[in-house]
Amino acid sequence: MAHIKRIDLTRDVKAHEDAYREAIEKVCRETAFSGGKYADAFDKEFAAYVGSKYASGVNNGTSALHLAMLALGVGPGDEVIVPANTYIATAWGVSYTGATPVFADCTPDTWEIDPSVLETKITERTKGIIGVHLYGQPFDYAGVREIADRHGLFVVEDCAQAHGAQFEGKNVGTLGDLACFSFYPGKNLYAFGEGGSVTCEKEEYYKHIDRLKNQGCDVRYYHDEIGYNYRLEGLQGAVLSVSLKYLPEWTKRRQEIGHRYIREITNPLITMQHHPENTTPVFHLFVITVPDHDDFVKYMADNDVECNMHYPVPCHLQKAYANLGYKPGDCPNAEYLAAHCVTLPLFPEMREDEIRRVIELCNAYRQ
Ligand SMILES: *Cc1c(COP(=O)(O)O)cnc(C)c1O
């Protein structure tokens with residue numbers, strides 16, 4: 001059997017080549033390259049998909065997080081609580097403003113930010129909390145919101161891995177004060193390059209983000225504050241409008257494969273993420289833990305299946321944040337996960353024989 005990749009985007013690009021090509025050619029003919037008609041059209045479609053009042057397309061998910069922090073007034077001297085178990089960009093947005101990310105551990109079973117540790121992290125400098133719907137699994141929004149409300153803090157959702165997921169029947173991206181999405185290739189919805197979006201309900205936030213991403217101006221050449229060039233490219237907007245049409249189908253496929261793994265992988269050496277009943281995950285990544293993850297990844301590679309790890313170093317122990325003084329043991333659940341995680345192949349275009357092969361290999365491991 002042929003090599004099974006962790007993710008293979010070429011199958012989607014090939015399957016929908018004509019639609020993508022047509023969208024790209026349209027932008028080129030009209031030279032609507034930076035922001036403009038196709039970026040604006042995608043914003044409207046994406047807001048409708050998420051169910052948020054506003055969506056503002058930006059050049060990537062990291063910029064979305066940076067702008068969300070700026071719109072909420074985060075700056076030097078402030079602290080924002082973020083999970084230790086996430087992709088590092090969740091913390092970058094905080095650091096870019098001159099504020100300090102404060103890392104909180106995850107729960108031992110959902111691997112998401114643990115509401116029960118948040119109060120030990122709150123100081124008089126704390127402005128808010130960023131929760132991450134990690135691997136496509138919504139975090140405990142109700143638990144986080146309750147603590148945030150008690151202390152007058154904002155909640156931002158990092159939805160970079162969770163397009164279409166739901167918490168208690170509500171779409172992620174409509175819950176927090178602001179929500180940030182990424183369209184990096186490989187995310188559930190992806191651009192042909194880089195892209196991101198900030199969604200929100202408040203016009204004030206939307207307008208501010210729109211100005212900040214556009215060099216700080218509402219009227220061209222009149223700059224009311226220091227801005228950024230964080231606009232979404234027209235080509236990406238046009239491509240995203242095409243792929244957004246396929247997203248519900250892709251999500252369904254991810255969920256089918258995810259639930260197959262949950263039902264059919266029965267090896268007692270393998271532990272899976274817990275998916276609480278009040279949530280609908282979208283399986284961006286299918287992460288498991290095993291006693292020796294290097295050994296497991298090698299075993300899969302020897303059998304022609306590519307796996308990787310999300311993430312091998314938790315944020316609080318990254319060199320970039322050495323100055324913050326965290327030590328091993330500060331976030332034990334995130335550290336356990338980093339030391340034991342493996343990500344199995346999962347993408348919408350996986351074929352039946354490939355799914356079966358991954359399941360068989362998992363069940364045969366050291367049995
Ligand atoms: C991908 C990702 C980001 C950053 O998005 P980019 O578009 O790559 O800048 C932020 N947070 C999480 C959780 C991500 O997975």
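Let's start where two parts of the chain meet: 39 residues of domain 1 are in contact with 41 residues of domain 2, where contact means heavy atoms within 4.5 Å. The domain assignment gives domain 1 as 10-103 + 111-241 and domain 2 as 246-364; such bounds come from an automatic or database domain assignment. The C-alpha centres of the two domains lie 24 Å apart.

Before going on, keep in mind that this is a predicted model, in which local features need pLDDT of at least 70 and side-chain atom pairs count only at pLDDT 80 or more, while totals for chains, interfaces and linings use all residues. Residues are numbered from 1 along each chain as its sequence is written, and side-chain values use heavy atoms, with hydrogens and water left out.

Now for the empty spaces. Rolling a probe the size of a water molecule over the atoms shows where empty space is left. On a 1 Å grid over the protein atoms alone, a cavity is a set of points where a 1.4 Å probe fits but cannot get out, while a pocket is an open set with protein on both sides within 12 Å along at least five of seven lines; lining residues have an atom within 4 Å of a point. Grid points are joined across faces, edges and corners, and a volume is the space filled by probe spheres set on the points.

The largest pocket has a volume of about 550 Å³. Where does the largest pocket lie? Both domain 1 and domain 2 give residues to its lining, so the largest pocket lies between them. Its lining has 31 residues, and Y87, S182, Y184, P185 and K187 lie nearest the centre. At least two lining residues come from each of α4 (61-71), α5 (89-96) and β8 (178-182); these labels are DSSP runs numbered from the N terminus, helices being H or I with at least four residues and strands E with at least two.

You'll find K187 in the loop between β8 and β9 (196-200). Is K187 buried or exposed? With 14% relative accessibility, K187 counts as buried, because buried means under 20% relative accessible area, with exposed over 50% and partly exposed in between (1.4 Å probe, protein chains only). Leaving aside neighbours within four places in sequence, K187 is in contact with A160, H163, S182, R254 and H284.

The structure holds 3 cavities of 30 Å³ or more, and the largest cavity has a volume of about 80 Å³. Of the 13 residues that line the largest cavity, L9, Y190, R254, P348 and E349 are the closest to its centre. Domain 1 and domain 2 both give residues to this lining, so the largest cavity lies between them.

Next comes the second largest pocket, with a volume of about 360 Å³. It is lined by 18 residues, and D40, D43, Y206, D210 and K213 are the closest to its centre. Helix α3 gives the most to this lining, with 6 residues.

Finally, take a look at helix α11 (residues 332-340), where A334, E335, L337, A338 and H340 are buried. The buried residues of α11 pack against β14 (286-289), α10 (293-302) and β15 (341-344).
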